Amino acid sequence: MKLLTCTGLLMAAFWAEACANNPTVATGHRVPVKDSFVVAPVAQIDSFAVGKVIDTITCVADAEQSYAAYIPAIGNKKALPVIYFFDPHASGALPLEKYKALADKYGFLLIGSNNSKNGNDWQVTDAIWQILSADTKQRFKIDQQRIYTAGFSGGAKVAGFAALNHAEIKGVIANGAGLPDGAEVSNYAFSFTGIAGEGDMNMSDLVAVSAALDKTNTPHRLMLFNGKHEWAPEKTMDIAFAGFQFDAMRKKQLPVNTTLINSFVADSKIAVDIYTKENNLLKAVAECTLASNLLSGLSSEAAFFSKKATSLMNQQAFKEQNQERQQLLQEEATIKANYMQQFNGGDVEYWKKEVADLQTKAKSPTARGAMYQRLLAYLSLAFYSFSNQLVGNHRDVGAEYYVNLYKLVDPTNSEAWYFSAILHARLNDMAAVEADLLKAVEYGFNDKARLHAQNDFAGRPINFAKIESLMR
């Protein structure tokens with residue numbers, strides 16, 4: 001059965017989703033921390049809990065805005081470097097919980113916006129940054145020379161947008177997406193660290209950004225990890241944090257830490273040796289390039305890694321592996337182009353067969369297997385985008401088609417089940433609504449405010465207490 005609901009407008013919406021980010025404080029009063037919630041409006045520097053993620057600190061200038069914070073174990077009695085995190089779903093605490101051990105290791109203050117999310121326009125995004133920046137500068141001791149941003153997916157574009165528009169930001173970690181659309185690659189005043197899973201549909205975008213930055217004077221590095229479209233594992237993010245330390249050493253904002261440098265050199269040499277013995281010369285060269293970049297101006301070992309990379313790249317095995325990678329990227333682009341046609345005319349049976357085939361092939365621990373992971377992620381984003389538009393516009397027949405495809409391609413994504421619950425509510429199938437919502441919660445949905453604000457659930461016999469009791 002074919003369903004021609006994907007109009008040009010809907011396709012444009014998909015691309016927009018794919019590229020989505022897109023006061024005086026009185027002192028002398030301690031801000032109470034209760035159940036991970038800080039009650040504004042008055043705060044005193046260093047009055048917050050240390051070594052604990054504070055979920056919600058309300059901004060003094062705008063009570064509608066808030067952020068999460070993590071002060072490292074060393075406390076905030078002296079000015080600390082800060083990393084502002086942007087999650088695409090406005091979950092400020094999520095990356096802080098994930099990387100708080102790194103904050104302790106390197107002495108970083110971490111801040112996570114609870115307002116920045118996919119779907120905000122750039123004017124709203126900039127207003128969020130202005131208020132967030134002003135509030136945190138009033139309430140924490142921040143090293144003004146070491147302000148950084150980091151984000152995942154649409155949040156990565158927010159991190160880049162902030163740096164492009166505010167000179168105080170000295171470094172960006174872009175995880176799972178590149179620069180904001182339309183941003184010209186140039187000689188930036190900030191360093192750029194691109195991170196992506198090898199199964200991330202935006203990996204090729206970050207590879208392209210890195211290649212473009214090779215032609216500039218912008219300090220930059222690229223790291224790929226064994227994973228999908230997700231926040232990077234701690235081990236990968238550790239190197240990104242260390243990169244900020246190395247940047248500060250080069251600028252003489254920090255004394256040269258030979259212990260950190262030597263540890264990094266030793267780990268990189270081990271990694272290069274392992275990749276070389278495995279005949280994975282692409283990864284060996286990538287490790288050498290990363291090490292040479294990070295150590296430039298700090299250690300003579302930078303030259304060692306640079307020469308090693310050149311030597312490996314001259315080997316026939318590397319040339320063959322690199323050619324295979326380019327062919328895979330081209331094949332991936334061709335398959336995506338075919339999907340664009342199928343979005344307009346494909347039927348359920350086509351997608352069932354295609355998704356099943358991709359899911360089987362994606363299990364292979366090879367470069368080709370990673371390509372199939374990226375294609376699955378690409379389809380997940382496409383079906384999310386179509387579902388979101390159609391559900392929002394009450395085009396329920398088309399929405400049901402794409403929501404079912406969304407659940408098919410990404411069955412553990414909470415949004416797919418949340419959309420399904422909305423559609424079942426419109427059909428007054430309350431048993432299915434509860435089942436869908438329980439599935440959504442099982443897969444990570446925990447937005448109580450959104451749940452209660454959903455008009456389709458209002459006045460319905462839904463056991464919200466049961467559903468909320470299972471939220472993590």
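Asn428 counts as exposed, at 53% relative accessibility, just the sort of value where the cut-off matters, because exposed means over 50%. In this predicted model, Asn428 sits in the loop between α14 (414-426) and α15 (430-442). The backbone of Asn428 deserves a look too: its phi is near 60°, a positive value in a residue other than glycine. Most residues other than glycine have a negative phi.

With a relative accessible area of 74%, Lys252 is exposed.

Let us step back into α6 itself, the helix of residues 234-250, where you will find Thr236. Thr236 counts as buried because its relative accessibility is 10%, and the cut-off for buried is under 20%. If you set aside neighbours within four places in sequence, the contacts of Thr236 are Ile195, Met223 and Phe225.

Next comes strand β9 (residues 191-197), which holds Phe192. Which residues surround this side of the strand? Beyond its neighbours within four places in sequence, Phe192 is in contact with Val172, Ala174, Leu179, Leu206, Val209, Leu213, Pro219, His220 and Arg221. Its relative accessible area is 3%, so Phe192 is buried. Phe192 and Ser210 are 18 residues apart along the chain, and their C-alpha atoms are separated by 8.8 Å.

Now try Phe304, in helix α9 (residues 301-313). Phe304 has a relative accessible area of 37% and is therefore partly exposed. From Phe304 to Trp351 is 47 residues in sequence and 50 Å in space, C-alpha to C-alpha.

For a strand, turn to β3 (residues 54-58): four of its five residues are buried, so the strand is largely enclosed by the rest of the structure. β3 pairs with strand β4 (residues 66-70) in the antiparallel sense, over three bridges. Within that pairing, Ile54 has Ala69 of β4 as its bridge partner.

What about the cysteines? Cys59 counts as buried because its relative accessibility is 2%, and Cys288 counts as buried at 0%. The structure holds zero disulfides.

Finally, a word on confidence. The protein chain averages a pLDDT of 90, and 90% of the residues score at least 70. Over residues 22-43, however, the pLDDT is below 50, and this stretch has 50 contacts in the model beyond near neighbours in sequence.

How values were computed:
Residues numbered from 1 in each chain as written. Predicted model: local features only at pLDDT ≥ 70, side-chain atom pairs only at ≥ 80, totals over all residues. Heavy atoms only, no water. pLDDT = per-residue confidence, 0-100. Contact = heavy atoms within 4.5 Å. Disulfide = S-S within 2.5 Å. Buried < 20%, exposed > 50% of the residue type's maximum accessible area, 1.4 Å probe, protein only. Helix = DSSP H or I, 4+ residues; strand = E, 2+ residues; numbered from the N terminus. Pairing = 2+ DSSP bridges.
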